[in-house]
Structures are given as structure tokens and as C-alpha cells.
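Please keep the sequence and the 3D view open while you read.

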Amino acid sequence: MNSPHDSFAPSSQKPVRLAACITAHGFGHSTRSIAILQAAQRKYPHLELLLFTTAPSHLFEESLKNFTIIPIENDVGLIQRDALTADLPATIKALDRLFPLSPQHIHSVVEKLAGCSAVLSDISPLGIVSASAANIPSVLVENFTWDWIYEPFAASFPEIVPHIETLRSIYTKATHHIQTEPICVPTSTAQRCGPIFRFSSASPAQIKANIKEEFCVGDRHLILVSMGGFNFSLSLWTEIFERKDYFFLLAGQPEQKRIAGNVMSLCHDSGYYHPDLIAAADLVICKSGYSTIAECFQAGTRVIGIDRPFFAESAILANFVTTTLKGKVINDTDFIEGRWLNLIDNSVKEPRPRPAENNCADQVADILLNYCR
């Protein structure tokens, strides 16, 4: 599936430059921003990008061109012990250190925004505040904001309340507010759009053929296990090894190696684009995070999502999995203890969901580029 390659004509011959401030929490915010910026560069190939983030550079290198990364802390997000659990005391300690944002921290961004027409903020409060200080528009893109994520913890950790209030105030100052489905808390003043995702780079059939040849998969079903960029280990190796009728690809691992005849560990530089792995898979087992779920929606891939009770957005994404993708949802204990292995036989027999027809990355790219005219 390809997105329309619309052209964009700037109103002058000056270089067109956009900035993006992107939270480094997980990979989902980076990949959503990448999808938007990819669409913008398709419309205007000479677009220059300035990326303020500490997210891994390889995410951007495999998708974008003509960009510069400036490593800077945008926010805290949630400090995590692993892919499925959060550390609230550590999160609050980090929030106390970063907020309120210091003039020096804001100025370090403002001084580099010269020549930028707008700032894309994927829930980065720093992006909104810095754009305002630089007197340029900010475009907030979210399916949730950090103040909402922190609210459920306020009763047990009242010290987080001032940070909730600070962040809520900052988010209201965005020039343009866009909410992308599945939306956690619809806001009447925000513009609503559908899911945003990166496209796969080739047809699922071609990608699957390449994977099957490289890893000697044969006619086995491909099962992709992905925790959104977090390394993970499984205690049920014996059970997986016994499922020889399936071939398991474990994404986001620290090294690439064959663990068994039917299990392959893939690192980030495996040579396979993550949306391609999702498109080729017969079934994806993943934490209920925006990026992976949106890319399953893009490809029309069957999915079993892992609910994370300490993450407020997880229930919204789990509902999207069951209603829109017709998938299944398990809890974190079911995943860790391997009960999902009992579900895969029936899951791979289910019809694949219909692939997405539209990518709303193009809609947001148009909004950003309109500020460049």
C-alpha cells in the first residue's frame, strides 16, 4: 500500500524547515512522528527536519532524510522497570528534576529554531513552550497526554499532582491540537483524525518470502513477538521450542541469533523494517502500545495485545484491538506465563482484518506544511 505522493509548493525559494520535539518514552511517539514527517517529505522532498529527541537514532535513519537530531530531554514519561511495569517513585523524582522547565532548557531549543516554520510536538511539553517562546506555531499530536497518564497515580502519589497541573496547562497552549485515533480522552477543541502509522516498504507476500528464505521457515506460520522496542525474555522457552509448527520472531532484542530451530531473535539493525515484519506476520503478539497496534491496523494483521494495568491508555488500545482488529487481549501475567500459546492455533485461523485505506499522517503533514507557505 502506498500513500499519495502529493506535491507541495512553498511560497518562496527559501529552504523549508520544520522542527519536531518528540518524547523518547518507548518507540510509538517517534514512529508516529516519523510517519507524519515521511508524509511531509513526500509532499516536499527538500524539506529540512530538526529533531529534538533522545529516542534511538536508528528509528529516524531508516525512515527519514535531510534531518538533524539534537539530543535533548523533552519530558519524563514513565520510568519503566521493563516493557510491562512502571516505576512511579523514579518517575516522580525525574519529574521533580525537570519541571518546571528552566529558562536555560527552553532557550537551548529556541536558539536552534531559527528558520523553522512550525514545531511538531508528539506530547512534548518542551516543544510547545519553546515554539511559543520562539513565536512560531506548535502542532500537538496525541492520543493521550502525560497529565492524563499521571492522573490515576495521584491518590497514591499526591506529589505528582503539581506536575499534572503544569503539564495540563502547557498542552492547552499548543497552536493546533490534533488527536489521533484510538483517542483516550476526546477534547472538543481538538481536531480529530484516524490512526497514523508507517507504511511497510514492500508487499507482505514479498517480505514473507524473504524472511522464509533467510531463516528457513518453510511453510510454518510466522509469529512476531514485539514489546515496542523493549528487550524482553521469556521463561517458557521449552513450550515455544515444542511448537515446531510455528516460527517465532522476537523483535527488539539486544543481539541477533537463532535461539532454536523455530525461534529467531532480531535486533534493531536486523535489516528488517518493523512495519515489514508486522505486515509479513501471520500473528503479532505485542504490548498494547500505539505504534505496533496502528501498524497492525495498517497491514491488516491479526494481533493478540497484552494489557498493562498500570498504563491508562492500555484499556483504550485493548478495546481497539478487540473491536476494530477483531483480535484478542491477554493480561501481562498470561503473557509472562505463556498462556498466549494456547490462543495461537485459533488466532491464525481467523480472517485477517481489512488493511487500512487511509493514513492520517498525510492530513497532519498538510497542516504542518501550511505553516510553511
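The axes of helix α5 (residues 125-134) and helix α7 (residues 161-171) come within 9 Å and cross at roughly 50°. This is a predicted model, in which local features need pLDDT of at least 70, side-chain atom pairs count only at pLDDT 80 or more, and totals for chains, interfaces and linings use all residues. Residues are numbered from 1 along each chain as its sequence is written, and side-chain values use heavy atoms, with hydrogens and water left out.

**The α5 and α7 pair**
- Axes here are lines fitted to C-alpha atoms, for helices over the stretch in contact, and angles run from 0 to 180 degrees between N-to-C directions.
- Helices (H or I, at least four residues) and strands (E, at least two) are DSSP runs, numbered from the N terminus.
- α5 and α7 are therefore oblique to each other; angles under 35 degrees count as roughly parallel, over 145 as roughly antiparallel, 65 to 115 as roughly perpendicular and the rest as oblique.
- Pro 125, Ile 128 and Val 129 of α5 meet Leu 167, Ile 170 and Tyr 171 of α7, where contact means heavy atoms within 4.5 Å.

**Nonpolar cores**
- The largest nonpolar core has 66 residues, and Ile 196, Ile 211, Phe 215 and Leu 249 have the most contacts inside it.
- Such a core is a set of buried Ala, Val, Leu, Ile, Met, Phe, Trp, Tyr and Cys residues joined through side-chain atoms within 4.5 Å.
- Buried means under 20% relative accessible area, exposed over 50%, and partly exposed in between (1.4 Å probe, protein chains only).
- Leaving aside residues up to four places away in sequence, Ile 211 touches Cys 216, Val 217, Leu 222, Leu 249, Tyr 272, Leu 277 and Ala 280.
- Another core, of 42 residues, lies apart from the largest one and has Leu 50, Phe 52, Trp 146 and Ala 154 among its members.

**Backbone spots to look at**
- Most residues other than glycine have a negative phi, and most peptide bonds are trans.
- The bond from Phe 99 to Pro 100 is cis, with omega near -5°, and Pro 100 sits in the loop between α3 (88-98) and α4 (103-110).
- From Glu 181 to Pro 182 the peptide bond is also cis, with omega near 0°; Pro 182 belongs to the loop between β6 (176-180) and β7 (191-193).
- Asn 66 has a positive phi, near 50°, and is partly exposed at a relative accessible area of 43%.
- Asn 135, in the loop between α5 and β5 (138-142), has a positive phi near 60° and counts as exposed at 70% relative accessibility.
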